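Me: Could you help me learn to read a structure like this one?

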Amino acid sequence: MSEQIKSSIDYRSFYTRYCQAQARISSNRLQSLCPIPHHAHSGRGNPSLSVDLERGLFHCFSRDEGGDCIRFYELMHSVGFVQAVNEIARELGLSASRRETSLIKRAEPDADAVEYQGEPLAPAGLAEMCEAFLAACREEEQTEGRNYLARRGIDELSMRRTGVTYFPRRAYRRVMGRMLEAFPLEELKLSGLFNQQAHLTFYRHRLLFPFYVERRALYLQARTTASGVEPRWHNMRGHVPALYNVDSLEDLRSRDVVYLVEGFTDTLTLLTHGFAAVGLVGAGGMKEEWLAPLGRFSVVAALDPDSAGERAVARYQEMFGARGMRLAQLELPTDVNEFFQQHPTAPLEFRLLTEAALENARDDG
Ligand SMILES: [Zn+2]
């Protein structure tokens, strides 16, 4: 089992869960104040914990103690090897019971190749279904979802404002039953909420991110909150209908600064810190028809600092330019979430970088 753990665990999310905000990560090495309780570090001074994220090995230089992820878990939770292995395996879904394994199979989303009969659902019907699903989930315990976001520095208010919802595993049958009572199975299948085996497909992906357009939830993407589950994302059938969080633009004044970022985490991170943001699904996901609602704002792109992000910004600057709009570019050393997690003074730095970016865009224009 310990080999199975090592082949499916994501070391980065495993270790950062314990080190959280003060951890620094660069090129596969994590450095942090050491959180191991019996080391009794003062919590000040230099980071003494170093983790090789490639091999999953940690070392505390101050107490000269190190080992693998299982040893780390033993030390963090004061448990023995066997218990550590069992608990990590359970978190990774490796020790699922036979009943659960069969449920994972039956809930599996249909392959892309499965052909569907019938017309696509009209937006109003789709929204009704989406919202019924979200409402049923919201009656269930939301703590796990809230904690998952809190570990990424995202607060509860931002979660509520964007309608992010958690679907607890133990509510699976109950929520599935309610959906089957409320909607014809054929329509549930067309939406992608259900598969050909007549099961709700959101089983392993339980943190739900709705896309609201004109106050209706038209689409859902969901991610797994467990480390090591692939693919990490699952969504309804059909296309992303809009920029994520586009409805929030209505409440803003003209000329306000709006950030264009990648993904849900970065959008929610900025909301948590009082910035206005809309999100793309993937760096290259922008569509021409989504530009119009951005026209009255000062838009600042803060995409990931990788080649996909850079190519996308260059392309979007042309798209904006062709409409007589400007897109400023903010260059961060990391993605937005990491930037805010790593720097205590991030909100201030972010404002300063924004001013510089807007000035640059004015000079270029
Ligand atoms: Zn230590």
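**Reading helices, burial and domains**

Reply: Helices (H or I, at least four residues) and strands (E, at least two) are DSSP runs, numbered from the N terminus. This is a predicted model: local features need pLDDT of at least 70, side-chain atom pairs count only at pLDDT 80 or more, and totals for chains, interfaces and linings use all residues. Residues are numbered from 1 along each chain as its sequence is written.

Me: Is Ile 88 buried or exposed?

Reply: Count the other C-beta atoms, placed from the backbone, within 10 Å: 20 or more is buried, 12 or fewer is exposed, and in between is partly exposed. Ile 88 is buried because 25 other C-beta atoms lie within 10 Å.

Me: Which residues does Ile 88 touch, not counting those up to four places away in sequence?

Reply: Contact means that C-beta atoms, placed from the backbone, lie within 7 Å. Here Ile 88 touches Ile 5, Ile 70 and Tyr 73, leaving aside residues up to four places away in sequence. As for Met 1, 87 residues apart from Ile 88 along the chain, their C-alpha atoms are separated by 9.9 Å.

Me: How many residues of helix α11 are buried?

Reply: In α11 (residues 263-272), 10 of its 10 residues are buried. Its buried residues pack against several elements, including α7 (143-151), β10 (257-262) and α13 (336-342). Just after α11, Gly 274 has a positive phi of about 85°.

Me: What domains is the chain divided into?

Reply: Domain bounds come from an automatic or database assignment. You get domain 1 (2-92), domain 2 (121-235) and domain 3 (246-364). The C-alpha centres of domain 1 and domain 3 are 34 Å apart.

Conventions
Contact = placed C-beta atoms within 7 Å.
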